[in-house]
Amino acid sequence: MEQMLEPLRTSMLTNMEGGQLMKRHLNDLRAIDPKLLTDAPFNAYLESLGIYADRYEKALALVRKSEETVKIQLADVVRDRAVNAFGKALKLYALSDSLEEVEASRSLQILFGSFKDLSDLNYEAETIAIDKLLFELAGANYFPKIKLLQMERYVVRINNSNAVFKNLFGGRMVSSALAETYDLKRIRKEMFKKYGEFCNYVLTMSKAIHTPLFDSALELLNSARKYNSDFLARRHAPKAEAVKADV
């Protein structure tokens, strides 16, 4: 049978589930016979993932301890939705039968395109970017186009949600002991990027040289990935067929 990697959409895992997946992988892989651990890249990946997992667990523990952090996370979700709503509403005008509206939409989409993937930034960087976007939208070059498309309420929604977030986050920053928490999103993204590289390396080497180390590692990875994939499928049963793997 051809070697394969069990599909798993890691982005669908909660923060807690993501940490548990990484902990299980590390426990499983560290139990491999030490005599087999002779591949330098494999060992380097394992060490790197262990470092990421420790940092992630530390940040996650801080999040769990802070009720204020939960409020910040929810406020971030609200403003992410506000930004997404603006982008989706803007796209509708690209199909307008008014050339003036189409042109206004095109101009605003060029501006908005330079602020894409805001939700991937850490909290502080995202706030700065949204402030910059709002400044541009209020300027003489873009505000008339916002008025033409009657999109003021979307801009107000972004501004209000960003103001709420800044108020919560500003209060949070007075506590230096918890300052690391807002990097949880970045740490998770970097950890799963490294995890994806590791999984692909194990799969490639298992196919290429078929040694006990890589075959065992692939089997262990797939066991945990299938467990989590099946769990997600049950939780999102109506959408299961449309789900694609991240790594």
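Predicted model: local features only at pLDDT ≥ 70, side-chain atom pairs only at ≥ 80, totals over all residues.
Local features need pLDDT of at least 70, side-chain atom pairs count only at pLDDT 80 or more, and totals for chains, interfaces and linings use all residues. Residues are numbered from 1 along each chain as its sequence is written, and side-chain values use heavy atoms, without hydrogens and water.

Helix 1 (residues 15-30) packs on helix 8 (residues 184-209) at an angle of about 40°, with the axes 12 Å apart. Helices are DSSP runs (H or I, at least four residues), numbered from the N terminus. Axes are lines fitted to C-alpha atoms over the stretch in contact, and angles run from 0 to 180 degrees between N-to-C directions. The two helices are therefore oblique to each other. Angles under 35 degrees count as roughly parallel, over 145 as roughly antiparallel, 65 to 115 as roughly perpendicular and the rest as oblique. The crossing of helix 1 and helix 8 is left-handed (the near helix is turned anticlockwise from the far one by less than a right angle; clockwise is right-handed). Contact (heavy atoms within 4.5 Å) involves residues including Leu21 and Met22 of helix 1 and Met191 and Phe192 of helix 8. By class, this contact has eight nonpolar, three polar and one charged residues. Ala, Val, Leu, Ile, Met, Phe, Trp, Tyr, Cys and Pro count as nonpolar, Asp, Glu, Lys and Arg as charged, and the others, Gly among them, as polar.

Helix 8 also meets helix 9 (residues 212-235). Their axes come within 9 Å and cross at roughly 135°. That makes helix 8 oblique to helix 9. The crossing is left-handed. Tyr195 and Phe198 of helix 8 take part in this contact, and both also belong to the contact with helix 1. On helix 9, the contact residues include Phe214, Leu218 and Arg225. The contact of helix 8 with helix 9 comprises twelve nonpolar, one polar and two charged residues.

Helix 4 and helix 5 (residues 123-137) cross at roughly 160°, their axes coming within 11 Å. Helix 4 is therefore roughly antiparallel to helix 5. Their crossing is right-handed. Leu108, Leu111 and Phe112 of helix 4 touch Leu133, Glu136 and Leu137 of helix 5.

Phe112 also lines the second largest pocket, whose volume is about 280 Å³. Of its 15 lining residues, Val83, Asn84, Gly87, Lys91 and Phe112 are the closest to the centre. Helix 3 (67-92) gives the most to this lining, with seven residues.

Key. 1 Å grid on protein atoms, 1.4 Å probe; cavity = no way out; pocket = protein on both sides within 12 Å on 5 of 7 lines; lining within 4 Å. Points joined across faces, edges and corners; volume = space filled by probe spheres on them.
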